[in-house]
Amino acid sequence: MAGFLTLTVPLFFLALVSVGSTAEKIRVAYVAASVTQSLPWIASQKGILAKYDLNAETILISGSPRLVQSLIAGDVDFAFAGVSAFMRARMRGADVVILGTATNVSSQKLMVGRASKIRRLEDIKGAILGVSQYGSEADTFARIALTKAGLKPDKDVTIIQLGGHPQVAAALAAGRIETGVVGGLAALTAERAGARFLTSAAELQILSPSGTFGTTRAYIQRKRNVVERLLRSYIEAIHYLRTNPPGAISLLQKYMGGLNVEEASYLYHEQAEFFDPLFLPSDKALQALLDRESDPKAKSAKPADFVDVSFLRDIEKSGMIEQLYRK
């Protein structure tokens with residue numbers, strides 16, 4: 001039995017999976033119910049973990065810094081958390097390592113209100129642009145996007161924080177702001193209210209890893225075989241997600257708290273095409289984060305300091321990816 005529990009909400013999901021009595025028991029934590037962090041759920045629900053003799057207790061722990069601290073403390077064996085939390089912990093000497101990344105492109109979108117005359121990114125000059133919070137992924141995306149258009153954030157454009165993506169969507173719908181950055185279901189909410197898509201991180205190729213998965217080097221030393229089996233199971237889960245939209249959307253509905261079909265489908269199509277079949281972290285995406293990082297240690301750091309892709313490279317050499325996608 002693989003129990004889906006939470007340390008931060010009163011009730012979540014319980015998932016049952018039949019595994020042998022000799023299956024390796026592991027604890028996997030994730031920071032939020034999202035498409036890029038759905039692999040543990042898919043692997044469990046589709047019997048993939050059982051195939052690899054794994055029995056996973058999957059736990060929701062909100063807040064990436066807190067989750068990475070739980071990993072460091074040994075409270076969990078593996079974690080899906082924000083990439084910055086992994087990298088900052090490593091720069092401070094923690095024994096953490098990134099093993100995989102679901103996608104390497106941010107899902108942030110820049111949208112404009114129904115009555116806005118903005119048609120190009122350059123037209124935003126002089127407008128008020130809403131983001132969730134200063135320093136957030138949305139804020140970072142907005143500033144990079146404006147810079148790409150030759151605009152100076154906070155000078156040519158007034159950036160305000162509104163507290164979260166739903167608040168940005170609501171402000172767009174009410175006409176309180178002319179443009180804003182949204183993602184996930186907040187983007188769907190904005191669309192329903194008449195907001196228009198202007199551009200996205202994917203369109204502008206603004207790299208940012210999402211669904212970042214890691215463990216500690218100490219755990220790798222103790223249980224390399226378990227790490228490899230788990231990574232193989234997640235690669236199979238990615239294959240299922242990419243190649244079985246109806247099944248994946250149905251699972252997302254359950255995993256993400258009973259979303260309706262339209263909502264789950266929107267989230268699926270927003271992310272699925274960007275999943276890397278090999279679950280491989282992008283050096284370019286990691287370097288982009290280092291370039292944006294305020295910690296002085298980031299200046300001398302390299303992507304290789306934070307990852308161990310030896311497992312994924314061995315899996316690639318084994319021909320597993322070709323076999324999966326040949327079917």
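Trainee: At 23% relative accessibility, what does Glu24 count as?

Mentor: Burial is read from relative accessible area (1.4 Å probe, protein chains only): under 20% is buried, over 50% exposed, and in between partly exposed. Glu24 therefore counts as partly exposed. The model is predicted: local features need pLDDT of at least 70, side-chain atom pairs count only at pLDDT 80 or more, and totals for chains, interfaces and linings use all residues. Residues are numbered from 1 along each chain as its sequence is written, and side-chain values use heavy atoms, leaving out hydrogens and water.

Trainee: Which residue forms a salt bridge with Glu24?

Mentor: A salt bridge places a side-chain nitrogen of Lys or Arg within 4 Å of a carboxyl oxygen of Asp or Glu. Lys223 pairs with Glu24, their closest N and O atoms being 2.8 Å apart. This links distant parts of the chain, 199 residues apart: Glu24 is in strand 2, Lys223 in the loop between helix 9 and helix 10. Helices (H or I, at least four residues) and strands (E, at least two) are DSSP runs numbered from the N terminus. Lys223 is partly exposed, at 30%.

Trainee: How far apart in helix 5 are Arg143 and Asp139?

Mentor: They are 4 residues apart, so about one helical turn separates them. Their closest N and O atoms lie 3.0 Å apart in a salt bridge. Asp139 is buried at 5%, whereas Arg143 is partly exposed at 24%.

Trainee: How many salt bridges does the whole structure hold?

Mentor: The search finds 11. Another of them joins Glu262 to Arg192, with closest N and O atoms 2.7 Å apart; Glu262 is in helix 12 and Arg192 in helix 7.
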